[in-house]
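Here is a friendly briefing to read alongside the model. Please keep the structure open as you go through the points.

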Amino acid sequence: LRGMNEGKTADELSHEIKLPEKYAELDYLGEHYGCVEWTVREIYAAYLGWFSGRPSELHPLSGSERSRKLIPMMGGAQKVLASAKEAFGKGEYQFCLELCDMLGALEDGKDLGLEKEARLLSADAMEALSKLETSANGRHYYIACAKEIREKLR
């Protein structure tokens, strides 16, 4: 609550707040069902709703519009895909997944010839993230989404 009163966003707080070590070490408080990050986001939403207080979030761009504007600034879709592959190779699976999502948000992604490759790479990233996830719910969601992508691309 103190962080919210200081104007911090749910993203900022969810990355800052951790269980104190004396609790984090307890097996029965392990993140097997959910995780601290998700709980922080829920508390934030319960108190403040969807709006962080940042004016840029009043009417944000759609994912496809944001991608159409950012990808050219990043050197184009091929460069973004190459960066996603590089991130995967470095074990930066979350960053890889976010770059793949950006490519997937392009309405004309099919015309780029990258859609299938980016979607398969995102499935690989989800499977890698599932192996790192302690929450059964999070792990299952990564696995189920990766499976769905692979089935759709058959």
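This is a predicted model: local features need pLDDT of at least 70, side-chain atom pairs count only at pLDDT 80 or more; totals for chains, interfaces and linings use all residues.

Residues are numbered from 1 along each chain as its sequence is written, and side-chain values use heavy atoms, with hydrogens and water left out.

**The chain as a whole**

- The chain has 10 helices and zero strands; helices (H or I, at least four residues) and strands (E, at least two) are DSSP runs, numbered from the N terminus.
- Along its principal axes, the C-alpha trace spans about 50 × 40 × 25 Å.
- Of the 154 residues, 29% count as buried, where buried means under 20% relative accessible area, exposed means over 50% and partly exposed lies in between, with a 1.4 Å probe and protein chains only.
- Among contacts (heavy atoms within 4.5 Å) between residues at least 6 apart in sequence, 61% join residues at least 24 apart.

**Helix 6 with helix 7**

- Two packed helices are described by the angle between their axes and the distance between the axes.
- The axes of helix 6 (residues 77-89) and helix 7 (residues 93-104) come within 8 Å and cross at roughly 160°; axes are lines fitted to C-alpha atoms, for helices over the stretch in contact, with angles from 0 to 180 degrees between N-to-C directions.
- Helix 6 and helix 7 are therefore roughly antiparallel (angles over 145 degrees count as roughly antiparallel, under 35 as roughly parallel, 65 to 115 as roughly perpendicular and the rest as oblique).
- Their crossing is left-handed, a term for a near helix turned anticlockwise from the far one by less than a right angle, with clockwise being right-handed.
- On the helix 6 side, Ala77, Val80, Leu81, Ser83, Ala84, Ala87 and Phe88 meet Tyr93, Phe95, Cys96, Leu99, Cys100 and Leu103 of helix 7.
- By class, this contact of helix 6 with helix 7 has 12 nonpolar, one polar and no charged residues; Ala, Val, Leu, Ile, Met, Phe, Trp, Tyr, Cys and Pro count as nonpolar, Asp, Glu, Lys and Arg as charged, and the others, Gly among them, as polar.

**Helix 6 with helix 9**

- Helix 6 and helix 9 (residues 115-132) have axes that come within 11 Å and cross at roughly 20°, so the two are roughly parallel.
- The crossing of helix 6 and helix 9 is left-handed.
- Leu81, Ala84, Lys85 and Phe88 of helix 6 make the contact with Glu117, Ala118, Leu121, Asp124, Ala125 and Ala128 of helix 9.
- That contact of helix 6 with helix 9 has seven nonpolar, no polar and three charged residues.

**Aromatic pairs**

- The structure holds two aromatic pairs; rings of Phe, Tyr and Trp (its six-membered ring) pair if their centres lie within 6.5 Å, and planes under 30 degrees apart count as stacked, over 60 as edge-to-face and the rest as tilted.
- Trp50 and Phe51 form a tilted pair, because their ring centres are 5.3 Å apart and their planes are at 55°.
- Trp50 is exposed at 63% relative accessibility, whereas Phe51 is partly exposed at 26%.
- Phe88 and Tyr93 form an edge-to-face pair, 5.1 Å centre to centre with 65° between the planes.
- Phe88 is partly exposed at 27%, and Tyr93 is partly exposed at 22%.

**A loop residue**

- Ser135 lies in the loop between helix 9 and helix 10 (136-152), and is buried with a relative accessible area of 0%.
- Leaving aside neighbours within four places in sequence, Ser135 is in contact with Glu31, His32, Tyr33, Gly34 and Trp38.
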